[in-house]
Amino acid sequence: MNDSALETATAQAKNDRQALLDYVGMTSEQWASVDVEGKRKAHEKLASVFGVYIYYGVVPENSIMGILVEFELVSRYLSITRDFENIQKYLS
């Protein structure tokens, strides 16, 4: 979420963003100032914790549990939607 999006973001979205930044050990200013390569370590840490959550159902910090649950639900919805679209293409 960039700074312009923060102006109109909900309180929950802002809290989620801050929880993720806290989890990866970055401030908002640090996140804004680094390039994609600089963000890679944070992305990998989040991907790793999401993998642990999906496989084992546990999260090392409760502050990001709700975010991972939402991400899982969205991921499953997108997967089901893609499957449905593929079935429709096959049948038409």
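Phe50 is buried, with a relative accessible area of 17%; buried means under 20%, exposed over 50% and partly exposed in between, with a 1.4 Å probe and protein chains only. This is a predicted model, in which local features need pLDDT of at least 70, side-chain atom pairs count only at pLDDT 80 or more, and totals for chains, interfaces and linings use all residues. Residues are numbered from 1 along each chain as its sequence is written, and side-chain values use heavy atoms, without hydrogens and water.

**Aromatic pairs**

- The whole structure holds 2 aromatic pairs; rings of Phe, Tyr and Trp (its six-membered ring) pair if their centres lie within 6.5 Å, and planes under 30 degrees apart count as stacked, over 60 as edge-to-face and the rest as tilted.
- Phe50 and Tyr53 form a tilted pair, because their ring centres are 6.4 Å apart and their planes lie at 35 degrees.
- Tyr53 is buried, with a relative accessible area of 10%.
- Tyr55 and Tyr56 form an edge-to-face pair, at 4.6 Å centre to centre and 85 degrees between the planes.
- Both Tyr55 and Tyr56 are exposed, Tyr55 with a relative accessible area of 66%.

**Helices**

- Tyr55 belongs to helix α4 (residues 36–56); helices are DSSP runs (H or I, at least four residues) numbered from the N terminus.
- Phe50 and Tyr53 are 3 residues apart in α4, so about one helical turn separates them.
- The buried residues of α2 include Asp16, Leu21 and Tyr23.
- Gly25 follows α2 and has a positive phi, near 80 degrees.

Key:
Helices (H or I, at least four residues) and strands (E, at least two) are DSSP runs, numbered from the N terminus.
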